[in-house]
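Open the model in a viewer and keep the selection tool at hand.

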Amino acid sequence: MERQERIVYSEMTRTVDYETGVVNEEERTKIVKLPQEPPYVKMYIDDLASVLKLPIGVRGLLYALVQRIDYDGIITLGSTSKKRIAERLKITIGTFDNYLTKLVKTGVLKRIGRGEFEVNPYLFARGDWAEIRRRRDNFGKTFRMTITYSPGGKRKIEGRALEE
């Protein structure tokens, strides 16, 4: 359940009747409820990649891509930037494209146009909370994650994106 912060605005108006000398006061109170940013924990890309069962190479691409997220949650990849990232990761453009496809299939990215990807705002976000919430509402993915603990303390993590 999302907590809501109450913000109370109060405005006082004074008017004076100069004939009688009576001071009239009027107070208006307005209460606004704003949703607060949910609690968060720093999550490491390696842990997320483990949950989503991303291969090592895809993790490297994910590192490179999250550095490019703009304040609208978009990563734009022109042919020059793809080539530059592929060279830095020592992979081919074909492998780069295969890794991007894997990130789309797991729900980390959503393809929104030629060379443009929206980052899943439930996983990565940049900007103010109101805008991030709006992006979350419009993203169109839900996630299921199951953690199973054995009596000895071992854990098995399974996660996957579900299309709504």
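Predicted model: local features only at pLDDT ≥ 70, side-chain atom pairs only at ≥ 80, totals over all residues.

Residues are numbered from 1 along each chain as its sequence is written, and side-chain values use heavy atoms, with hydrogens and water left out.

Colour by accessibility next. Of the 164 residues of the chain, 27% count as buried; buried means under 20% relative accessible area, exposed over 50% and partly exposed in between, with a 1.4 Å probe and protein chains only. Contacts, here and below, are heavy atoms within 4.5 Å. Among contacts in the chain with a separation of 6 or more, 43% come from residues 24 or more positions apart.

Now select helix α2, residues 56-66, together with α4. Their axes come within 10 Å and cross at roughly 85 degrees. The axes are lines fitted to C-alpha atoms, for helices over the stretch in contact, and the angles run from 0 to 180 degrees between N-to-C directions. α2 and α4 are therefore roughly perpendicular to each other, the class for 65 to 115 degrees; under 35 counts as roughly parallel, over 145 as roughly antiparallel and the rest as oblique. Show side chains at the contact: G57, V58, L61, L62 and L65 of α2 meet F96, Y99, L100, K102 and L103 of α4. These residues divide into eight nonpolar, one polar and one charged. In this grouping Ala, Val, Leu, Ile, Met, Phe, Trp, Tyr, Cys and Pro are nonpolar, Asp, Glu, Lys and Arg are charged, and the others, Gly among them, are polar.

Stay on α2 and pick out its buried residues: V58, R59, G60, L61, L62, A64 and L65. They pack against α1 (45-51), β3 (74-76), α3, α4 and β4 (109-113).

Within α2, centre on R59. Is R59 buried or exposed? At 16% relative accessibility, R59 counts as buried. Leaving aside neighbours within four places in sequence, R59 is in contact with D46, A49, S50 and L54.

Move to helix α3 (residues 79-89) and helix α4 (residues 93-105), which pack at an angle of about 100 degrees with axes 9 Å apart. That makes α3 roughly perpendicular to α4. On the α3 side, select K82, K83, I85 and A86; they meet I93, F96 and D97 in α4. The residues of this contact divide into four nonpolar, no polar and three charged.

Next, select R126 and Y71. The charged end of R126 sits over the ring of Y71, 4.5 Å from its centre; the criterion is NZ of Lys or CZ of Arg within 6 Å of the ring centre and within 35 degrees of the ring normal.

Finish at N24 in strand β2, residues 22-35. At 41% relative accessibility, N24 counts as partly exposed. Not counting residues up to four places away in sequence, N24 touches T13, R14 and T15. The C-alpha atoms of N24 and R14, 10 residues apart along the chain, are separated by 5.7 Å.

Terms used
Helix = DSSP H or I, 4+ residues; strand = E, 2+ residues; numbered from the N terminus.
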